[in-house]
Amino acid sequence: MKIRIILGLLICINIWVEPITAWPGKSKKPKKVVFLIGDGMGLTQITGAMANYKGRNAFERFKIIGFSKTASSDNYVTDSGAGATVFSIGKKTFNGAIGVDSARGEKEGLFEKLKTKRWGTGVVATSSVTHATPASFYAHVSSRQSQDEIAEFLITDNCDIAIGGGKQFFTSRKDKRNLFKELHEKGFTTIADTVLKTVDAKKLIYTLADNGMKTMQDGRGEYLLNATLLAQQNLQKYYGNYFLMVEGSQIDWGGHDNNFEYMKAELLDFNQVINEVLDAAIKDGNTLVIVTADHECGGLSLLENKDNKLTFKPHFASEGHSGVMVPVFAYGPGAEQFAGIYDNTAIYYKLLKLLSLNEKL
Ligand code: MG
Ligand code: ZN
């Protein structure tokens, strides 16, 4: 009898649970994509940083969640070059690669494809704009170390807006070229400053540090949020349809330093950006928001704290990355495609389909 009641209840629950795959938006294809990468942001980073947070938890606002398997072509534990190149070209590649496949062949990236459809493209980061993650979206080189060379790819016109650090790779180069001058001649507004100001520009390279940006603990303030809003404003005004990559670059650096508080401050900053991007996407109705990571960093675990059992002890197993799956959060038209467990390559193919782009073989 008891078993029958339980079975009956289970059937009822099954019927009553509404599918979360439906998205009540106007169109099925997004007109804008904001692709947010928390570098080195695994589940334990999110759990640990958000544990006692009193504000809005952006991650808990998503209903559609997946997991991405992050191995690269030559290492179960990926680096950020291979980890972001896979989003841009859809191929697993070797660690250190930027926008090239495992045979070192230059593959047409998402930004190049989008430019053929006149979409606006942009990257915003708290690292240098030429650092592995943003670079993977617009450059094609076999080594992430070649940041002088990576900067030259911004002249090729497939990235309309880049905001972050990295001034030295434009103006203090080994070859003595002044890339700001060259970019200016190509129609870019180029700015090197220490604080972000509003600027109206169709094409914009804005650097705010010689290399990486300051940390949150050193007082970076609301730079990442303001840079994201500035990029969105200009991409909206001049292109209408756009793809913006926003990176919380230093969540990873906190992991490499095995510094939980550094990681946490960077993740909370990223959380605020996700909240604002989501608010705007909900209002807009045509924006697909994806939040994911290239890999976990530090092998972080949250262990029992014997002194205070209601909290935890952060423990890093490594100063490098780890090979654990990372979460993918999605909202907006097409978001339901991102539920499930898949290889990181699948993210590219899902985007390709949703953006009606063709794979050039
Ligand atoms: Mg990065
Ligand atoms: Zn890293």
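Colleague: In this predicted model, which helix does T133 lie in, and is T133 buried or exposed?

Modeller: T133 is placed in helix α5. Buried means under 20% relative accessible area, and T133, with a relative accessible area of 0%, is therefore buried.

Colleague: Which side chains make polar contacts with the side chain of T133?

Modeller: Leaving aside neighbours within four places in sequence, T133 is in contact with I37, D39, S80, A84, M245, E247 and D294. From that list, the side chain of E247 makes a polar contact of 2.8 Å with the side chain of T133. A second polar contact, of 3.0 Å, joins the side chain of T133 to that of D39.

Colleague: At the start of α3, which backbone nitrogen does a side-chain oxygen of D79 reach, and what phi does G90 take just after the helix?

Modeller: At the start of α3, a side-chain oxygen of D79 comes to within 3.1 Å of the backbone nitrogen of G81. Just after α3, G90 takes a positive phi, with a value of about 75 degrees.

Colleague: Where is A71 placed, and what distance separates its C-alpha atom from that of D294?

Modeller: A71 is found in the loop between β2 (64–69) and α3 (80–89). Not counting residues up to four places away in sequence, A71 touches Y76, T78, K92 and N344. Although A71 and D294 are 223 residues apart along the chain, their C-alpha atoms are separated by 9.6 Å.

Colleague: How are α2 and α11 oriented to each other, roughly parallel or roughly perpendicular?

Modeller: Two packed helices are described by the angle between their axes and the distance between the axes. Helix α2 (residues 43–50) packs on helix α11 (residues 260–284) with the axes 9 Å apart and at an angle of about 85 degrees. Angles of 65 to 115 degrees count as roughly perpendicular, and α2 and α11 are therefore roughly perpendicular to each other.

Colleague: Which residues of α2 and α11 meet, and how many of the residues in the contact are nonpolar?

Modeller: On the α2 side, Q45, I46, G48, A49 and M50 meet F260, M263, K264, L267, L268 and N271 of α11. By class, this contact has one charged residue, three polar residues and, as the number asked for, seven nonpolar residues.

Conventions: Residues are numbered from 1 along each chain as its sequence is written. Chains are lettered from A and ligands numbered from 1 in the order in which they are written. This is a predicted model: local features need pLDDT of at least 70, side-chain atom pairs count only at pLDDT 80 or more; totals for chains, interfaces and linings use all residues. Side-chain values use heavy atoms; hydrogens and water are left out. Helices (H or I, at least four residues) and strands (E, at least two) are DSSP runs, numbered from the N terminus. Contact means heavy atoms within 4.5 Å. A polar contact is a pair of N or O atoms within 3.5 Å; within protein, one must be able to donate a hydrogen and the other to accept it, and residues adjacent in sequence count only if both atoms are side-chain atoms. Axes are lines fitted to C-alpha atoms, for helices over the stretch in contact, and angles run from 0 to 180 degrees between N-to-C directions. Angles under 35 degrees count as roughly parallel, over 145 as roughly antiparallel, 65 to 115 as roughly perpendicular and the rest as oblique. Ala, Val, Leu, Ile, Met, Phe, Trp, Tyr, Cys and Pro count as nonpolar, Asp, Glu, Lys and Arg as charged, and the others, Gly among them, as polar. Buried means under 20% relative accessible area, exposed over 50%, partly exposed in between (1.4 Å probe, protein chains only).
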